[in-house]
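The exercises below are to be worked with the sequence and the model at hand. Each task is followed by a solution in steps.

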Amino acid sequence: MKLAQVMLVAGKELRETLRDRRTLAVMVLFPLVVYPLVSLATVQVLTARIGRGDKVPARVSISGPRPIAEKLHARLAARSHDGNPDFALSLPPTPATAADVRAGRVDAAIAVEKPSPGASGGGAAGAATARVLFDETQERSRTARTRIEEALAAGLEPGCTPSYAVTIEGVAPRTAMGGYLLSRILPLVIVVMVMLGAFHPAIDITAGERERSTLETTLSAPIPRSALMTGKVVAVATLAMLSGVLNLASMSITVLEGAKLAAAGAAPSLPWANAGAAALLVIPPAAFLFASVMVAIGALARSFKEAQTLLTPVYFMCMAPALLAALGDFELRGAAAFIPGVGVTLLARDVIAGHASVGAIVAVFASSVGYGAAALALACRLYDSERLLGADDAGLGLRAWLRHLLFGPRATTRDEVINPDLPNTADAPPTAGHALALFGVAVLLLFAFLPIQKWRLVPGLALFEWVGLLGLTAVYARGSGRRFTSVLRLRKPSLAAVVGAILIGASAWLVVGLLVQWVLPAPKEVEEHIRRIIPSGEGKGGFTFAILLVAFTPAICEEALFRGPILRGLRTRLSALGAAVATGLLFGLYHGDVWRFIPVAVLGFAFSAIALATDSIVPAMIAHFTNNACLIALARAGIDEAGTEMTVRQRLTLVAVGAVVLAAGAALIAHARRTRRVRGPEPSEGSGPQM
Amino acid sequence: MTSPAPAVAVDSLSKSFGATAAVAELSFAIAPGEIYGLLGPNGAGKTTTLRILAGILLPTRGRVEVVGLDVAREPLAVRQHLGFLTNTTGLYPRLSGRELLRYFARLHGLDRDAATARIAALAGALELGGFFDRRCEALSTGERQRLSIARAVLHDPAVLVLDEPTAGLDVLASRFLRDFVRAERDRGKAVAFSTHYLAEAELLCDRIGLLHRGRLLAEGTPAALRAAAGDAPSLEEAFLRLVGAGTGPRPDGSALSPRPPGSDGPR
């Protein structure tokens, strides 16, 4: 074997692989962009969860002879951490029972008794006894037990007689214990196995069809695309369900046998009916959701290999929320039911444990089916014969891109020589692939500039926005041979568009911010952090400076990138509504804060809609500027903190006022759009339906 | 006397894929009972044109009608009147021939009895009996092509679109296919047929459209095309004269094959 031959083959293989832009994108974007964002979100959620749990006092009932009980009460009442009391204690006349603990009326019950007069010798001689009842299947009860143990063990010198001889007693019935054991293991297994069951069939029926050259045959049949893709999703979902059911049965038996071995025959009884109900209630919606998502992603791929490359990160991305839900001991209520992956995992846990509510079941089912239907609609759009059978994107190669970047758009491409009738590429819209790549690079830049921002926040932020984001847009425009003003859609807006943008910018934060704060409140410490990063601009010059840094700068630089090439690129593949939604989601993701994701994504959607409706980036910049300037003004006035302490009436009034202003702004933008259309269509819009 | 309405009417058809123009300003018509050959080298735009006829791709500009239906507006209705044979046979490998035909019969709206009768008739006419219950992945190229034809004509369409149907076939299979196409023509079907085998086009087609770089260079009967090229001795020579490339190598390096499989001598 000659080294030269090995190197020759390796060089050729590397060249081929690196020329496959999608593989490259997945190789680079996911580890460097998506995984850090997901990890960041996970850490934020878990930290908030742990922080919130730490602050909740454990409800403990103390019973027994009055003097001893009161002494214990005083001892436990003195326990606290970070200013939060560890316990909410009660001394009821009737002692709390095991039933009270099981029903969750108290987290733990302590029964104290006097030391027996004749007791002597031993470590606990002369100590009062404390019998602690807790429920092993409830997180709050387990926390209460831990705190009681710590409290009773604390403060003793080595060798001292303990004040209390503590006995701990779990009160969960055997069936509940079995359900608890299953509920810790099975939900994640069900969700993961349903996903795994959908993985290969989804690839086989999408990319596999293309690779087997049966795509044209399928597309030539007289069947609507929606029926075709729904049929494919139903097939994949059926296989995913089968996988889920088989794994559920297998894991249940394994857990049972394992528990028998561990308990030497006295295993907890397992709630088979609950496991069956979980299979019925969770597996079908989960299978539909994951099948739709995977078929949609598979429809993007040109080959089996590419589909695997694309779907593997998606698989892990889908698994992340399920894992988070399984580990985090979250309650299934509010927004949690509507988060894909989280809802189904928590529902499976609650159904198996035997305490799922009808509302939660309906919410999870409806949201999973809703998301699945959205993914199916996307799959219908992506399984497009134009894209699947058309020539591959003849984008600029690396060399041509660099030539454009360094020397400008002087050199003509081969296509232009062959086809002199081609449209001018200087005004061609960016592609969807370019849009996603630019987003990836922007996130990388965000991480790259982070050390500078930590070192010096103000210059770091300014440098990142003007050099990083705006520079990226400029480099992209020059490198791809496009006019910068064309990439940005930098056009003079009408007066109606400007006024509409100001009204939307001045009211969107009010409506969106207050509603989100109401529905999905961020932890207090997160709100405080957000307040800290919005400088109030104390003093005359300070205010101007804050406006320049936090309102003007992002309005120019972030808008240039997001409402420029990213929005315009996505618009070539998606409808106006789809492009605005996708850009809003990317805008939310880019801000890297799970608690601000929804409001920022909604604002991003609003700015995108304005840019598309007015066919100019300027009104979007104005709206962004107005929004941020309003936040700075509020911080300066010191009234931003009032939001969390408003009554429902005050809040609704403010939301209503904001909604009226927002509607007026939207009406003006719509008017500007109509006026623009009357003047005639503009070139190089995407081909999808209009918003 | 008025001529019958064309089964296929293509008017100023253009199709671009991003920056690449595949077809430009193409116009032709096919009458019922006529075989129209699209002839050209690889990359001339034949497959793109046929895919647009089949309603799989949409025109960038221009209009295409099949039995009076606009393919851009009514692609599903067009596919009910059209049988499309791809250049790769495109059979589902894990289905048997019988399962495949039943599936497509249902897609075309044939009821169970009609489908059974039609499948039996086609199995006899195309001699599918010997391999009808074998999985498609186990069939030879010729067997697959016969099964593909059965699939394409299952719903007895008025228009047949055949994209290089003899590519890769041996002499006997090619001749069988040509005979079948002629028989369909004689039954009043309009046939759009693409090939880069010049002699095959000359043998089979009533009229030929010469495509080069997405544009229609010339159109007419094989004899008329030779005459238009200054009484060229063969269709190949006529094509070369019409593209102005003489007898030397063509600038794009593409080639037209002079002899079809199973025509007049070994390939």
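**Exercise 1. Describe the packing of helix α3 of chain A.**

Solution. Start with the surroundings: the buried residues of α3(A) pack against β1 (58-63), β4 (87-90), β5 (108-113), β6 (128-134) and α5 (139-153) of chain A. Contact here means that the C-beta atoms of two residues, placed from the backbone, lie within 7 Å. Helices (H or I, at least four residues) and strands (E, at least two) are DSSP runs, numbered from the N terminus.

The model is predicted: local features need pLDDT of at least 70, side-chain atom pairs count only at pLDDT 80 or more, and totals for chains, interfaces and linings use all residues. Residues are numbered from 1 along each chain as its sequence is written, while chains are lettered from A and ligands numbered from 1 in the order in which they are written.

Next, the length. Helix α3 of chain A (residues 66-77) has twelve residues, and from first C-alpha to last it reaches 16 Å, close to the 16 Å expected at 1.5 Å a residue. The expected span is 1.5 Å times one less than the number of residues.

Then the sides. A:A69, A:L72 and A:L76 are buried in α3(A). They lie on the same side of α3(A), because they cover an arc of only 65° around the axis. The arc is that of the directions from the helix axis to the C-beta atoms. A:R66, A:P67 and A:A74 are exposed on the other side of α3(A). A residue is buried if 20 or more other C-beta atoms lie within 10 Å of its own, exposed if 12 or fewer, and partly exposed in between.

**Exercise 2. Which residues does A:A77 contact, leaving aside neighbours within four places in sequence?**

Solution. Locate the residue: A:A77 belongs to helix α3 of chain A. A:A77 counts as partly exposed, because it has 14 C-beta neighbours inside 10 Å. Its contacts beyond four places in sequence are A:F87 and A:L89. A:A77 and A:L89 are twelve residues apart in sequence, and their C-alpha atoms are 7.2 Å apart.

**Exercise 3. Trace the strand pairing in chain B.**

Solution. Four strands of chain B make an open sheet, in the order β2-β1-β4-β5, with antiparallel pairing. β2 (20-30) and β5 (69-70) of chain B are at the edges with a single partner strand each, so one side of each is left without a neighbour in the sheet. Strands pair if DSSP finds at least two bridges between them. β4(B) (residues 61-66) and β5(B) pair in the antiparallel sense over two bridges, and B:V66 stands opposite B:L69 in β5(B).

Now take β6(B) (residues 82-85). Both of its faces are covered: B:L82 and B:F84 are buried on one side, B:G83 and B:L85 on the other. β6(B) pairs with β7(B) (residues 159-163) in the parallel sense over four bridges. In this pairing B:F84 stands opposite B:V161.

**Exercise 4. Where do A:S213 and B:R213 lie?**

Solution. A:S213 is in the loop between α7 (207-211) and α8 (215-219) of chain A. Its phi is near 65°, a positive value in a residue other than glycine. B:R213 is in the loop between β9 (207-212) and β10 (215-220) of chain B. B:R213 is not a glycine either, and has a positive phi of about 50°.
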